[in-house]
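I opened the model to look up the ligand site. My notes follow.

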Amino acid sequence: MKQINVGLLGLGNIGTGSYKTLEMNREKIVAVAGADIRIVKILEREKNFDKERDIDVTREQFTADPDEIFNDPEIDIVIELLGGIEPASTFMLNAMNHGKSVVTANKAAVAASWTALNEAAKRNNVMFRFEAAVGGGIPILNALTTVLQANEYEEVLGILNGTTNYILTQMTDYGLDYDEVLKIAQEKGFAEADPTADVEGIDVANKLSILMALAFNKYVAPTDIPTEGITKITKKQLDVAKANGCKVKLIATARKVGDKIEYSVGPQELPVSHPLAGVSNEFNAVFVKGNAVDDLMFYGKGEGPLPTGSAVMGDVLEIAKVIAAQK
Ligand code: HSE
């Protein structure tokens with residue numbers, strides 16, 4: 001049987017979830033790919049090689065040197081799950097320049113280095129996929145660029161951050177304080193130890209930048225998207241919204257107005273009848289209006305090791321099918 005070799009950069013939560021998805025569904029994945037998919041090398045920069053992980057991984061798979069992955073002619077695909085803009089962007093460019101296709105869940109790097117990464121993929125004739133970067137397990141990028149591509153998009157709205165949606169839901173439904181809920185979200189593991197990017201809307205701006213580039217063919221750097229987070233929201237504001245039949249949600253908006261696209265990230269009062277108003281806690285959703293398909297909504301888990309691992313491995317599988325057919 002043909003073998004597709006994968007190098008994995010980063011074995012944190014999402015790396016472990018991706019690895020686990022492959023282990024759990026290996027038989028199905030191999031059958032669909034028409035090739036055996038093996039994660040042969042894993043970059044672990046902290047040298048935590050012996051750390052207890054709930055996956056079957058051997059010491060020999062680990063390396064602390066990324067060049068060992070880029071320079072390995074046997075590796076076909078590199079999965080980047082380090083997070084942050086650098087060194088992740090440089091590592092992805094290195095991988096592509098060495099002829100490897102790249103899969104990532106890293107919205108900060110994809111959004112910040114959009115042009116360089118897409119040009120490098122084209123120049124090196126390799127594939128670059130990042131479904132997991134927006135909405136975790138929700139297949140929104142695939143949907144926008146395949147089955148919905150015959151539409152002109154009129155509007156894309158999203159609840160794209162589990163931490164902030166959880167905080168707003170708990171404050172609205174149970175009258176809890178912001179700090180109290182943030183602590184619970186951190187204990188549950190979906191708010192980062194440093195939640196700044198979540199609560200200030202930066203994570204959502206990264207995701208909106210990627211969505212707009214695909215839906216409207218318009219790249220706007222995340223730092224150029226008007227962005228407001230949820231840190232200034234008071235319980236009183238939420239109560240007033242409730243009394244008016246509305247819910248406050250942190251919304252990413254991109255809308256076609258004439259021949260311009262209007263875009264922003266910020267808290268909005270949505271009438272409870274709006275499909276996005278019913279999206280609670282850590283769930284994410286993307287609402288799309290296309291000029292042919294009309295209204296659509298995608299709903300699911302926007303974070304977490306296995307939902308995100310599902311999207312990462314889906315991308316790996318799509319690439320593996322193409323490479324296997326050429327081998
Ligand atoms: N911290 C992010 C969230 C993780 O809360 O949604 C997924 O991007």
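I count a polar contact as a pair of N or O atoms within 3.5 Å; within protein, one must be able to donate a hydrogen and the other to accept it, and residues adjacent in sequence count only if both atoms are side-chain atoms. The model is predicted, so I note its limits: local features need pLDDT of at least 70, side-chain atom pairs count only at pLDDT 80 or more, and totals for chains, interfaces and linings use all residues. Numbering runs from 1 along each chain as its sequence is written, and side-chain values use heavy atoms, with hydrogens and water left out.

I checked T163: an N or O atom in its side chain is 2.6 Å from an oxygen atom of the ligand. For K107, a polar side-chain atom lies 2.7 Å from a ligand oxygen atom. For K207, the value is 2.8 Å, again from a polar side-chain atom to an oxygen atom of the ligand. The protein buries 91% of the 260 Å² that the ligand exposes when taken alone (Shrake-Rupley method, 1.4 Å probe).

Last, G304. This residue lies in the loop between β11 (294–301) and α13 (305–326) (strands are E runs of at least two). G304 counts as buried because its relative accessibility is 17%, and buried means under 20%.

Note on methods
Helices (H or I, at least four residues) and strands (E, at least two) are DSSP runs, numbered from the N terminus. Buried means under 20% relative accessible area, exposed over 50%, partly exposed in between (1.4 Å probe, protein chains only).
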